[in-house]
Amino acid sequence: IRHVPFEDLGAFAPALARRGFDVRYVEAGEEALEDGNADLVIVLGGPIAVYEAQAYPWLADEIALIAARLARGAPTLGICLGAQLMAAAAGARVYPAGVKEIGLAPITLTDAGMASCLAPFAADPLTLHWHGDTFDLPAGATLLASTDLVAHQAFALGAGAIGFQFHPEAGGPGFERWLVGHAIELAQAGVDVAALRAAVAQHGPALAAKAGRVLDLWLDTCGLRGVR
């Protein structure tokens, strides 16, 4: 489920292709939100907020779709806004974090995170952050990662659902579209665009390789081994 064209599967796409997945993007707000009993649903990021359903009424349909998948244990992965929507679908509160977390920074894994698909971050904790909202940890969820600014960076709901507040998929080709698409937010947050571009260019290959390992591990956990 995609909310803006430039926030796509990014570095997750090669891992999905390698495992033989047929990928279809559903454009939120433009197409009917249904999963067609998909083996896997990935809910991507975007610049709107979960609590803006009055302005974007289709958010209620998206939350309902995610809640239905969570209820039946269907593999579901959320990134940034996607993770926040998953938290809301599981009954948790989503709200402004009081800080903009934008740029490359490390995450700290919990013990559960060390034993999860996030294990590749143990040796290399750097990732891309780009958000201003956060969420309470859903009931029954397991916290996997935190940062100094935002405590809830990744969580799991059983084996079939995982949410990343950060962007493990981002930082490779196409990142310039993020800088252009979020130009106003970057200016308001006082982010040095040139410095962010340079940092992502430097670390992009490592970020992409790590993303592939993380997704492979999670898909194995879900039993979605594909046709490798």
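The model is predicted, so local features need pLDDT of at least 70 and side-chain atom pairs count only at pLDDT 80 or more, while totals for chains, interfaces and linings use all residues. Residues are numbered from 1 along each chain as its sequence is written, and side-chain values use heavy atoms, without hydrogens and water.

The chain contains seven helices and eight strands; these are DSSP runs, with helices (H or I) of at least four residues and strands (E) of at least two, numbered from the N terminus. The C-alpha trace spans about 45 × 40 × 30 Å along its principal axes. A compact globule of 228 residues would have a radius of gyration near 17 Å, and the chain agrees because its value is 16 Å. This radius is taken over C-alpha atoms, and the globule rule is 2.2 Å times the number of residues to the power 0.38.

Of the 228 residues, 50% count as buried, meaning under 20% relative accessible area with a 1.4 Å probe, protein chains only. The chain exposes about 9900 Å², of which carbon and sulfur atoms supply 55%; the areas come from the Shrake-Rupley method with a 1.4 Å probe.

A search of the whole structure finds zero disulfides, a disulfide being a pair of cysteine sulfur atoms within 2.5 Å.

Cys 80 counts as buried because its relative accessibility is 4%.
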